[in-house]
Amino acid sequence: MARSKTIHPPYTAMVAVAIKALNERKGSSRQAILKYILASYTVVEATKPQILTNLAIRQLVAAEKLVALKGHFRLTKKEKEATNTGDKPYKCTKCEVCFARKDHLDKHVISHSKKKPFQC
């Protein structure tokens, strides 16, 4: 019997997105995470999303990507930083190259000065 294709990301990814989106100070509860997943993704009820969500939470806690706090869960600092928005707000005025961090732009600007022989 072939497995049917899912139209949503893995539950571990959905749990991480839910916790980040809910952004609660004391962390998000299992019920709040499940409610967000059911509202945001097309999940078939026959697949028992509550069981799969609880399993994903357990896996993330075991992998130390989530921190459990009295029935609430938060992403670790490492996981919060790992989510990349893709923004590159720092732009070189001479060659229009964009950078995500200001210190990278500062190093790049040196290439336009006469101190360095190379061009960008």
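These are my notebook entries on a predicted model of one protein chain.

**Ground rules.** I number residues from 1 along each chain as its sequence is written, and I work with heavy atoms for side-chain values, leaving out hydrogens and water. Since I am reading a predicted model, I keep in mind that local features need pLDDT of at least 70 and that side-chain atom pairs count only at pLDDT 80 or more, while totals for chains, interfaces and linings use all residues.

**Overall layout.** I looked up the secondary structure and found five helices and five strands, taken as DSSP runs numbered from the N terminus (helices: H or I, at least four residues; strands: E, at least two). Along the sequence I read the pattern α-β-α-α-β-β-α-β-β-α. Buried residues make up 24% of the 120 residues, where buried means under 20% relative accessible area, exposed over 50%, and partly exposed in between, with a 1.4 Å probe and protein chains only. I also noted that, of the contacts (heavy atoms within 4.5 Å) with a separation of 6 or more, 41% join residues 24 or more positions apart.

**Strand β3.** I then turned to β3, residues 72-75, where F73 and L75 form the covered face and H72 and R74 the uncovered one. Two strands count as paired if DSSP finds at least two bridges between them. By that rule β3 pairs in the antiparallel sense with β1 (residues 28-29) over two bridges, with S28 opposite F73. Strand β3 is also antiparallel to β2 (residues 66-69), over four bridges, and there H72 is the bridge partner of L69. The hairpin of β2 and β3 has two residues between the strands, and I see that K70 takes a positive phi near 50° in it.

**Salt bridges.** I searched for a side-chain nitrogen of Lys or Arg within 4 Å of a carboxyl oxygen of Asp or Glu, and the count comes to three.

- K91 meets E96 at 3.3 Å, N to O; K91 is partly exposed at 46% relative accessibility, and E96 is partly exposed at 48%.
- R101 and D103 form a salt bridge with their closest N and O atoms 2.8 Å apart; D103 is partly exposed at 31%, and R101 is partly exposed at 46%.
- K102 and D106 meet at 3.3 Å, N to O, and both lie in helix α5 (residues 102-110), four residues apart, about one turn of the helix; I list K102 as partly exposed at 45% and D106 as partly exposed at 39%.
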